[in-house]
Amino acid sequence: MKTDLIEKNYAIAKERYAALGVDTDKAIETLEKTPISLHCWQADDVVGFERDEAASGGIQTTGNYPGKARNIDELRQDIDKVTSLLGGRFRLNLHETYGEFGNEFVDRDQVEAKHFEGWMQWAKEHNLKLDFNSTSFSHPKSGYLTLSNPDKGIRDFWIEHTKRCRRIADAMGKAQGDPCIMNIWVHDGMKDYTVEKMRYREILKNSLDEILAEKLPDMKSCLEAKLFGIGMEAYTVGSHDFYAGYCSKNDVIYTLDTGHYEPTENVSDAVSSLLLFVPELMLHVSRPMHWDSDHVTLFDDNTRNLFHELVRANALDRAHVGLDYFDASINRIGAYIIGTRAAQKSLLQAFLEPLDILRRYEDEGKWFERLALLEEEKTLPFGAVYDYFNMKNNVPVGEEYIADVQRYEQEVLAKRG
């Protein structure tokens with residue numbers, strides 16, 4: 001798209017928003033400062049570099065599009081390509097199974113910070129901050145229960161794994177001078193009805209108490225709830241109710257994954273409620289087609305509502321934004337770009353909302369005026385503002401990135417076999 005046309009459209013949009021008391025330059029500046037954590041597992045279908053096996057234990061990747069990353073070098077190459085096509089600031093979210101283990105097999109209760117020193121150095125060179133996740137799935141000891149397992153041997157294995165992951169996250173945070181956000185998700189549950197719900201949840205609580213007892217200054221822990229997992233459809237130990245209670249009582253960050261709720265639920269409604277009781281939120285932005293199907297995030301109502309609610313609550317400084325999907329049915333680089341741009345567009349539209357006027361209407365009981373402006377803001381020229389944001393950051397504008405992704409597929413991905 002021609003530069004003069006982008007600038008002309010932006011000037012018109014800027015004037016239109018200014019009439020509503022909105023500063024588009026400030027909105028762009030805020031978007032540029034708001035980091036989005038890219039998830040490494042989109043590049044290789046959640047396989048990792050430990051066992052070279054498909055994901056299992058409550059999750060499943062569907063599709064077999066050619067060109068997935070087969071090793072760390074290829075994964076880093078893909079992330080480089082993704083960030084080269086996007087404006088703004090980014091972090092990289094790693095699972096424990098993405099360590100540099102070399103030719104040595106390192107079981108998960110033996111992993112150390114040294115296995116991620118290469119990632120720390122690479123991230124520093126590429127101006128990225130790291131986030132981290134423990135990995136309880138895709139392992140012979142995963143089974144149905146990990147941290148909630150009555151078998152002390154298995155339970156202790158996963159407790160030790162999670163403790164070590166927190167120490168790795170702390171080392172990452174110290175190295176980058178910024179806290180590493182470490183997410184804890186376990187798939188624990190049952191395929192069919194269980195009579196031991198209380199027992200398993202009590203064990204999980206005790207395991208988490210032991211894990212989180214260690215004070216680590218350069219990382220932050222967060223806990224992720226789930227509705228159910230593949231093969232664990234009847235009962236999930238770490239449910240929303242369980243983690244909402246645990247996080248509020250223990251001052252722990254709550255991870256709100258938009259794919260982990262019934263498709264008819266408006267997940268954004270949880271934002272204001274949770275923020276009254278937990279210190280911060282970690283957002284895993286995904287798209288459930290039918291529950292947690294991990295489709296590529298889109299600029300849809302659910303995504304827009306999530307970020308609007310966050311901005312309306314003045315809670316941007318209490319939330320960490322990350323993506324979480326693994327679509328293997330389309331070009332994986334394209335999936336990254338589509339999802340990241342959807343999150344950016346949703347953030348930008350939230351920053352551009354004429355909140356001062358809307359709040360005044362609400363305080364004065366002007367319900368018609370409030371609803372009218374909420375409707376009219378949907379067609380304000382925010383797209384011109386996003387185009388300008390991309391041009392300002394020297395990345396493709398509009399659909400121009402499609403050709404870049406196609407070239408990368410022909411020159412790089414197609415040669416991976």
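The following legends describe close-up views of a predicted model.

Residues are numbered from 1 along each chain as its sequence is written, and side-chain values rest on heavy atoms, with hydrogens and water left out. Because the model is predicted, local features need pLDDT of at least 70 and side-chain atom pairs count only at pLDDT 80 or more, whereas totals for chains, interfaces and linings use all residues.

**View 1. Helix α2 and its covered side.**
Helix α2 spans residues 24-33, and its buried residues are T24, A27, I28, L31 and E32. These residues cover an arc of only 135° around the axis, which puts them on the same side of α2. The arc is that of the directions from the helix axis to the C-beta atoms. Buried means under 20% relative accessible area, exposed over 50%, and partly exposed in between (1.4 Å probe, protein chains only). Helices (H or I, at least four residues) and strands (E, at least two) are DSSP runs, numbered from the N terminus. The exposed residues K26 and K33 sit on the face of α2 turned away from its buried side. The cover over the buried residues of α2 includes α1, α10 and α13.

Y10 belongs to helix α1, residues 3-18. Its relative accessibility is 5%, so Y10 counts as buried. Apart from neighbours within four places in sequence, Y10 is in contact with T24, D25, I28, A384, V385 and Y388; contact means heavy atoms within 4.5 Å. The C-alpha atoms of Y10 and F382 are 8.9 Å apart in space, although the two residues are 372 residues apart in sequence.

**View 2. Strand β1 between its two partners.**
Strand β1 (residues 36-39) is covered on both faces, with I36 and L38 buried on one side and S37 and H39 buried on the other. In a regular strand the side chains alternate between the two faces of the sheet. Strand β2 (residues 90-95) runs parallel to β1 and is joined to it by four bridges; two strands pair if DSSP finds at least two bridges between them. Opposite S37 stands R91 of β2. Strand β10 (residues 319-323) also pairs with β1 in the parallel sense, over two bridges, and V321 in β10 is the bridge partner of I36.

**View 3. Strands β3 and β4.**
Of the five residues in strand β4 (residues 180-184), five are buried. One side of β4 carries C180, M182 and I184, and the other carries I181 and N183. Strands β3 and β4 run parallel and are joined by two bridges. M182 of β4 is the bridge partner of F132.

**View 4. The largest nonpolar core.**
This core contains 121 residues, of which L94, F132, Y254 and L256 touch the most other members. Helix α10 (residues 332-351) gives the most to the core, with nine residues. A nonpolar core is a set of buried Ala, Val, Leu, Ile, Met, Phe, Trp, Tyr and Cys residues joined through side-chain atoms within 4.5 Å.

An unreviewed UniProt entry lists H260, D292 and D294 under "binding site". The lining of the largest cavity includes H260, D292 and D294. On a 1 Å grid over the protein atoms alone, a cavity is a set of points where a 1.4 Å probe fits but cannot get out, and lining residues have an atom within 4 Å of a point. UniProt positions are given in the numbering used here, and annotations may be inferred rather than shown by experiment. H260 lies in the loop between β8 (253-257) and α8 (269-275), and is buried, with a relative accessible area of 5%.

**View 5. Helix α11 and the glycine that follows.**
In helix α11 (residues 355-363), the buried residues are L355, I357, L358 and Y361. Seen down the axis of α11, these fall within an arc of 165°, so they line one face of the helix. They pack against α9 (301-312) and α12 (367-376). D356 and D363 are exposed on the face turned away from the buried side of α11. After α11 comes G365, whose phi is positive, near 70°.

**View 6. Two non-glycine residues with positive phi.**
S138, which is not a glycine, has a positive phi of about 55°. It is found in the loop between β3 (129-133) and α5 (152-176), and is buried at a relative accessible area of 13%. N394, also not a glycine, has a positive phi of about 60°. N394 lies in the loop between α13 (382-392) and α14 (401-411), and at 70% relative accessibility counts as exposed.

Conventions:
1 Å grid on protein atoms, 1.4 Å probe; cavity = no way out; pocket = protein on both sides within 12 Å on 5 of 7 lines; lining within 4 Å.
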